[in-house]
Amino acid sequence: MSALNLKNSLEMQAKGAALIPGLAQLLSKRPDMFTRGVWPCYFRRAKGVEVEDLDGNVYRDFSIGGIGATVLGYADDDVNDAVKAAIDLGSSSSLNCPEEVELAELLVSLHPWAGMVRYCRGGGEAMALAVRIARAHTGKDAVVFCGYHGWADWYLAANVGTENALGEHLIAGLKPAGVPRKLSGTALPFRYNNIEDFRAAVSKAGDDLAAIVMEPIRNFEPTAEFMDEIHRVAKAKKAPLIIDEVSAGFRLCNGGAHLKVGWRPDIAVFSKALGNGFPMAAVVGKPEVMEAAQSSFISSTNWTDRVGPVAALAMIRKFIRVDASKRLVATGAQVEEGWTRLASQHGLKMHIGGIKPMLHFSFDEDNNVRRAYFTQEMLKKGYLAAANCYAMYAHTPEMVEGYLAAVDEVWSELAALVKKGAVASKLEGKPAVSGFQRLA
Ligand SMILES: Cc1ncc(COP(=O)(O)O)c(C=O)c1O
């Protein structure tokens, strides 16, 4: 099938790359992560599951779903109506908006172990805020953690003076350039479900343990022993357990995934889904820990805007009303079953993982070339598709069927090309890139 017209998209990318270092503000939205030269990169319009690029090509999105931010779907009418009304009332003034209090009440009612809430607007920012609160609360510095938690210094400090401590934590190749070398030893990684690793990190932290940071779930369920050990150490060392719900929150249930998985956090951190695409983040915690936010200076002008809390209130109310988590899990299950069946049918060996609403796959061999080919051919069939699939409430079972029918055709062609060793020769753009590196 012939290539799409991407004239305007490619011109904008060339301009963007010259003016914006790395082209995009988020690694996961860079075209090289998919297939540069073929991935449209910019959008003009997005509604429901549909995205229109700058050249008028329209796609159904079965890729990163706004990288998990738009859990209900793009430009959701209920959230948009609430936000439009808030804009007309005034989105900012010298006084605070009462929706901050209303949202705190709602978040605490969904997470009854908690009692207080602070806000900011980004996930990595909220994690930095949570770690600051924990350090202020304990008067200690060392953080043991597992998984990816954003761009801030406290986190990238793990790679200061180490080869690549973060290499096993979602994004490889994160260089600590610009992070003070003196932070070396303040962020100590451990692997999920690995008790020995966790104990080693805690032992390195010694008497200086300020917090234990982890996601509630990413690829696997936590084992009971692992959870017990984390809870035991947090209690014994009086180190707040910070559960990062930035990606997992509001997908598996009405609130943090920790509610479903069984974690007992001191702080839980939300962003992404919370505002359904409008910037919003919340740090929810036990009052005795959250009070430390008063002893540390944590303050920012744009954290007081009205759009964020209003969007979050509308998102949560709709999420609960329509029982969105049920649909997200069902959509993910349908996609996972389809991927598994089709991979086996076409003899493509691959690993499939992730929680149902946030699935991913990787080909066992030649992954970056094969996934670039997959994306390229799916675009021609009208799908934004990648090696990740984030479910949105706007996806219907019929849409998933259509998507899987397209996957079937593309994987059939791919399997034939694999046999001939000819996949790379069919790429119209560049192979996908894994991990963090400079945009070439
Ligand atoms: C678990 C987790 N924490 C933190 C972040 C960082 O959030 P943001 O990109 O909003 O800064 C992410 C982003 O993917 C994440 O998945």
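The model is predicted; local features require pLDDT of at least 70 and side-chain atom pairs pLDDT 80 or more, whereas totals for chains, interfaces and linings use all residues. Residues are numbered from 1 along each chain as its sequence is written, and side-chain values use heavy atoms, without hydrogens and water.

Three strands make up an open, antiparallel sheet, ordered β11-β12-β14. Strands are DSSP runs of E with at least two residues, helices runs of H or I with at least four, both numbered from the N terminus. Pairing requires at least two DSSP bridges between two strands. Strands β11 (350–353) and β14 (388–390) are the edges; each has a single partner strand, so one side of each lacks a neighbour in the sheet. From one strand to the next, the twist averages 10°. Angles run from 0 to 180 degrees between N-to-C directions, with axes fitted to C-alpha atoms, for helices over the stretch in contact. Strand β12 (residues 358–363) is joined to β11 by four bridges. Gly353 lies opposite His360 of β12. Helix α11 (residues 324–345) packs on this sheet and touches β11, β12 and β14. Contact means heavy atoms within 4.5 Å. The direction of α11 makes about 15° with that of β12.

Helix α1 (residues 7–19) has Ser9, Gln13 and Gly16 as its buried residues. Buried means under 20% relative accessible area, exposed over 50%, and partly exposed in between (1.4 Å probe, protein chains only). The buried residues of α1 pack against β2 (50–53). On the other side of α1, Lys7, Ala14, Lys15, Ala18 and Leu19 are exposed.
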